[in-house]
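Let's take a friendly tour of a protein model together. Have a look at the sequence and the 3D view, and then we will walk through some of the features.

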Amino acid sequence: MNFRHLFSGLLLSAFALSAAAQIRVFACEPEWGALVNELAGDAVTVDVATSALQDVHQIEARPSLIAKLRRADLLVCSGGGLEAGWLPQLIRQAGNARVASADGMFLAVAQVTTLERPSQLDRAAGDLHAEGNPHIQMDPRRVLQVANALAARLQKVDAANATRYAQRLEDFSTRWQAAMLRWQQRAAPLRGRNIVVHHKSWVYLEEWLGLNEIGALEAKPGVPPTSAHLAGLVALTKDSQTLAIVRAAYQDAKASRWLSERSGVPAIRLPLTVGGDERATDLFALFDVTIDLLLGAAQ
Amino acid sequence: MRARLTVSLCAMLLASSVPAGTPSTAPIEALEARIRALEAQTREVLAALDQARAEIASLRAAPTQAVAAAALPESAAPSSPNAFNPAISIILNGSLAQHSLDPETYQIAGFPLAGEAGPGARGLSLGESELSFATNIDEKFYGQLTLAVESEDGEDGIGVEEAYIETTALPAGLSARAGRFFSNIGYLNTHHAHTDAFADRPLAYQALLGNQYADDGVQLRWVAPTDVYLELGGELMRGQSFPSGGAARSGSGVRTLSVHAGGDVGDESSWLAGVSVLDARTEDGEDGFSGDNRLYIADLTWKWAPNGNTRDGGLSLRSEYLHDTRDGRYLDSTQGIDVPWAGSRDGVYVEGVWRLNPQWDAGYRHDRLWPDASGPFASDTDPVRHNLMLTWRNSEFSLIRLQYSRDDAAPAQRDHALTLQYQAALGAHGAHKF
């Protein structure tokens with residue numbers, strides 16, 4: 001086999017494929033995969049790198065993920081340091097210049113204002129993110145901002161379908177705003193209530209719904225709960241008319257159950273992302289279920 | 001919303017009027033009343049929507065202003081020359097080691113020690129600490145420099161472990177690298193020692209690669225556009241360091257080829273397998289060999305973790321088989337020895353690491369070597385070593401490891417080694433390879 005022929009053959013078939021096929025999106029988290037589905041429908045193929053039962057801080061740069069990223073035209077991730085332990089390695093190993101460049105890399109955190117930007121960076125304070133708390137998906141207002149920016153990016157990367165993305169954004173945005181109204185009305189009784197969280201994944205939900213976070217099971221972000229720290233939370237949780245002890249679907253239930261037994265406050269498991277609960281099948285259901293579960297704890 | 005209401009209204013009208021057939025005023029009036037009610041409802045919903053839109057628009061504007069404000073402090077110091085400094089990562093490593101056998105007299109039957117093979121110092125010592133700088137150079141290149149601090153016989157030295165540039169913008173899944181780097185053969189050879197699960201490298205790596213093969217050279221890798229991960233790589237290396245030496249063929253004494261494939265099985269397991277070959281022309285290698293030598297490596301890694309959360313628990317299994325062939329001469333000028341050296345030797349390790357929880361790892365590794373039955377280093381003893389390891393991790397940045405090894409590397413020479421090791425990662429901590 002002549003090498004030149006083989007190589008040009010490969011190039012030709014690559015061009016032929018790219019001309020015919022839909023664009024491929026690599027989404028780091030299920031929420032952004034779901035958002036791409038809302039905005040693009042079947043115009044794109046979406047590979048979601050993680051599931052709601054996985055801790056996205058701690059994913060390994062697995063071969064299967066390198067293979068997925070290798071073929072992607074657009075990468076859609078939270079950013080803000082959330083995937084710092086694996087995404088840079090995937091990008092370096094995948095040899096895909098499209099997603100290593102500015103247009104092919106879309107980071108949701110960069111589209112919104114973040115909360116909890118640390119004034120001082122010190123690892124003694126736990127796993128801090130210099131760009132602020134990256135768990136922005138539980139604030140539907142920020143999700144809408146991300147949607148606007150993402151639709152614009154899809155239009156840029158896949159100009160042939162630009163009208164489609166514009167129409168779908170319009171449709172999504174109308175439905176989303178109506179849903180937000182509904183959620184806010186339903187969640188009104190939650191305003192001002194106290195919650196204890198496992199990890200600081202809920203600050204955006206708290207800000208949106210007016211919940212107060214009075215404590216966290218992790219003494220420092222990313223450091224697993226210790227018994228001494230949990231013991232210190234019992235009195236606080238018990239005496240603050242706490243609504244619930246909240247953990248994400250992927251987190252170990254042990255610590256929150258322990259605190260729940262001693263404080264009498266219900267421990268609840270919220271999806272945190274699409275797929276974290278069997279009913280949370282898309283972004284709309286994610287918020288419906290989250291508010292249902294919080295209201296359930298309030299009764 | 002508006003479109004949907006209209007559609008459902010039409011549907012209702014059709015559904016109620018078509019089957020009715022005969023004109024009758026009462027149902028129509030009732031329908032009209034319903035339509036009026038629905039229209040009123042629609043107006044209310046739309047008004048509420050407009051209000052919500054206005055609210056959202058103001059919210060949308062507010063964060064943008066906040067972003068602009070938050071960005072100010074950073075842009076206030078645009079001239080800082082440090083702003084583009086590379087990410088700096090430091091690995092600190094030290095150990096306390098107990099050996100029943102004097103490390104000075106240690107040998108491996110059938111395998112002369114070369115490179116960094118052999119046990120470390122007795123007692124307290126600084127292990128291999130590293131200082132690494134890495135960053136994107138521009139839109140087409142990435143660069144990395146790793147310096148290793150080593151202490152030998154009371155003298156400290158700094159060596160260049162890796163110094164290379166790598167492309168980031170080649171098309172079609174290609175990347176190229178040039179400089180000094182760890183060769184892409186096998187599994188452990190491509191990984192920095194601080195990512196290992198054990199305190200030292202397996203006997204097979206010590207004996208046949210001098211712990212790890214790094215050299216000056218160029219590398220080309222290609223990742224196939226397939227569902228299953230498939231990477232092909234080739235390298236042309238100087239051939240200065242063990243298992244080669246002497247920079248033969250005008251400073252291009254080593255060529256390597258490697259294929260790696262990998263993927264997931266369900267949500268909880270992943271695998272990585274590879275076959276590599278290193279082909280060398282060696283002139284006066286560290287083990288006294290001159291001639292043509294070739295090293296084949298097959299590697300297999302299997303990781304299982306509940307829900308794929310490898311940090312919280314799970315099992316990781318790995319094995320590599322090394323096959324070394326030689327065709328040349330053994331020269332020792334000090335003793336005037338010059339004899340033929342042709343034949344083959346093999347080595348293998350199998351390791352299993354069980355992560356009990358985010359803090360604790362326990363593991364076992366079996367090392368075994370098969371020396372040549374003839375030639376200058378003939379031996380009929382197969383070196384065997386058993387290793388048990390327990391690691392405590394405070395965070396992903398620090399760990400303390402205890403390892404016990406029973407090492408029967410040569411006849412009538414058993415070493416019981418107990419190593420207590422600390423390892424810490426300071427500063428920017430790059431993502432690890434699988």
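Among contacts in chain A between residues at least 6 apart in sequence, what percentage join residues at least 24 apart? The answer is 64%, where a contact means heavy atoms within 4.5 Å. In chain B, residues 24 or more positions apart account for 56% of the contacts with a separation of 6 or more.

Before going on, a word on how to read this: the model is predicted, local features need pLDDT of at least 70, side-chain atom pairs count only at pLDDT 80 or more, and totals for chains, interfaces and linings use all residues. Residues are numbered from 1 along each chain as its sequence is written, chains are lettered from A and ligands numbered from 1 in the order in which they are written, and side-chain values use heavy atoms, leaving out hydrogens and water.

**The two chains**

Here are the totals for each chain.

Helices (H or I, at least four residues) and strands (E, at least two) are DSSP runs, numbered from the N terminus. Buried means under 20% relative accessible area, with exposed over 50% and partly exposed in between (1.4 Å probe, protein chains only).

**Helix pairs in chain A**

Find helix α6 (residues 140–157) and helix α7 (residues 162–186) of chain A: their axes come within 10 Å and cross at roughly 175 degrees. Axes are lines fitted to C-alpha atoms, for helices over the stretch in contact, and angles run from 0 to 180 degrees between N-to-C directions. α6(A) and α7(A) are therefore roughly antiparallel to each other; angles over 145 degrees get that name, while those under 35 count as roughly parallel, 65 to 115 as roughly perpendicular and the rest as oblique. Residues making the contact include A:L144 and A:A151 of α6(A), and A:L169 and A:W176 of α7(A). The contact residues divide into 14 nonpolar, 4 polar and 1 charged. Here Ala, Val, Leu, Ile, Met, Phe, Trp, Tyr, Cys and Pro count as nonpolar, Asp, Glu, Lys and Arg as charged, and the others, Gly among them, as polar.

Now turn to helix α9 (residues 227–239) and helix α10 (residues 254–263) of chain A, which pack at an angle of about 45 degrees with their axes 9 Å apart. That angle makes α9(A) oblique to α10(A). Among the residues that meet are A:L230 and A:V234 in α9(A), with A:W258 and A:L259 in α10(A). This contact divides into 7 nonpolar, 2 polar and 2 charged residues.

**An enclosed helix**

Why is helix α4 (residues 87–94) of chain A largely enclosed by the rest of the structure? The reason is that 6 of its 8 residues are buried, among them A:L87 and A:I91. After α4(A) comes A:G95, whose phi is positive, near 60 degrees.

**A buried glycine in chain B**

B:G186 sits in the loop between β6 (174–182) and α3 (203–209) of chain B. B:G186 is buried, with a relative accessible area of 2%. Leaving out residues up to four places away in sequence, B:G186 touches B:Y205, B:H260, B:S276, B:I297, B:D299 and B:E320. The C-alpha atoms of B:G186 and B:Y296 are 8.7 Å apart, although the two residues are 110 residues apart along the chain.
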